[in-house]
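Subject: Structure for you to look at

Hello,

Here is the structure I said I would pass on. Please open it first, then read the notes below.

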Amino acid sequence: MKEYKLGIIMNGVTGRMGTNQHLIRSICAIREQGGIQVSPDEVITVDPILTGRNENKLKALAERTGVSRWTTNIEKALADTDNQIFFDASSTLHRSRFVEMAAKAGKAVYCEKPTAVTTEEALRLAKLCEDAGVKNGAVQDKLWLPGIRKLKTLINQGFFGEILSVRGEFGYWVFTGHDEDQPAQRPSWNYRKEDGGGIMIDMLCHWRYLVDNVFGPIKSISCRGATHIGERIDEQGNPYKCTADDACYATMELENGILCQFNSSWTVRVRRDDLFVMQVDGSKGSAVVNLRGCQTQGIGVTPKPVWNPDIEQPINFYEGWSEMPDATTYDNAFKIQWELFLRHVALDEPFPYDLRSGAKGVELAEVGIQSWGERKWIDL
Ligand SMILES: NC(=O)c1ccc[n+]([C@@H]2O[C@H](COP(=O)([O-])OP(=O)(O)OC[C@H]3O[C@@H](n4cnc5c(N)ncnc54)[C@H](O)[C@@H]3O)[C@@H](O)[C@H]2O)c1
């Protein structure tokens, strides 16, 4: 058996995303399944090393996940030729420094989105890696959600006829910390612009790759952000002023004419199927996707309602939809993208989700913020 053993520096993994999605659900899961079997006699195996600032947190996480290597000395980890990949899940504003160090050390670079908070900086990081000749990638996990995979199947099968419009609703209530026994469930830096926070930079990155890949390239955007809640409580229990947007109301026009509206908010309560729900309406059918499921309604079973507030609604609109069955076993979306990146590094297979495509997400966020400031539609 030929083994491609990849040492992976995992930086900032004691945070929410790093611990749960990247370390436990992806790298540990790949290790537990015995690596990635790429042919009957070839396997890619992973050997993570956890890096960060806090020795106690790293040690505890390493013990909890059965990872033998961890260090606060990132330079040393980068100097070790057994480590071929550098991964970063630290908070956004720290990313540049780490990417620079990793590219200089000749490591393949993979990192969380947003890759930066300005397009200029995101493109600079992409070019830096390209010039250093290192493979690189940015997380675009939503593409592998089961609901989105089912939607792509429907699109490929021509279910919708002509796709007319898309409406995405993302969000939930993020507690402010003011209410007794209801602590905040997101880090405080998310609500401070000076620390890289804001829902526009966070979510428009996702909508960029999702829309571009599933429906077609975005032509222009009109966007309104808001900071609905002005004060929250931080991790130390102190009140702080929210300087970043906590809601974003965006409308996008695609080059193919499809219109997309996406609401993203940390200040809404959920009365829908899941934290993200997206309705796609086409001339021959519609679908409503959430994280795992996909409901469809074809033209033949579309009801013909009549507006009459004087009687109880005779149609139960929820009954006219069919749930798409699972067509396969749906693995964790982050893990699927990790496996593609590891194959890219070990076998040179294509990986289009590079830092340059990550920068397009930052561009949409930046132009969205500009649209809000100037109160106008802006072409990308
Ligand atoms: N793909 C997604 O769906 C998704 C979802 C949420 C967040 N994210 C992104 O993931 C990244 C992390 O977000 P999070 O919610 O896990 O935040 P978090 O605050 O929980 O974690 C950040 C981590 O970075 C570490 N860190 C901060 N400064 C550091 C430094 N100087 N050196 C080393 N480590 C440092 C922190 O200790 C912590 O472990 C952000 O860029 C965020 O935008 C992506």
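How far apart do the C-alpha centres of domain 1 and domain 2 lie? They lie 28 Å apart. Please keep in mind that this is a predicted model.

Domain 1 is made of two stretches, 2-141 and 332-350, and domain 2 of 143-331 and 363-374. Where the domains meet, 15 residues of domain 1 are in contact with 13 residues of domain 2. On the domain 1 side, helix α8 (residues 333-347) supplies the largest share, with four residues. Sorted by class, the residues on that side are five nonpolar, seven polar and three charged.

Next, the ligand. It is surrounded by 21 residues, and the closest are Gly12, Gly15, Arg16, Met17 and Ser90. Helix α1, which covers residues 16-32, contributes the most to this shell, with three residues. The classes in the shell are 10 polar, six charged and five nonpolar residues.

You will find His178 in the loop that runs between β8 (163-171) and α7 (199-214). Is His178 buried or exposed? His178 has 12 C-beta neighbours inside 10 Å, so His178 counts as exposed. His178 and Arg232 are 54 residues apart along the chain, while their C-alpha atoms are separated by 6.9 Å.

Regards

Methods. Residues numbered from 1 in each chain as written. Predicted model: local features only at pLDDT ≥ 70, side-chain atom pairs only at ≥ 80, totals over all residues. Near = placed C-beta within 6 Å. Helix = DSSP H or I, 4+ residues; strand = E, 2+ residues; numbered from the N terminus. Nonpolar A, V, L, I, M, F, W, Y, C, P; charged D, E, K, R; others polar. Buried ≥ 20, exposed ≤ 12 C-beta atoms within 10 Å, placed from the backbone. Domains from an automatic or database assignment. Contact = placed C-beta atoms within 7 Å.
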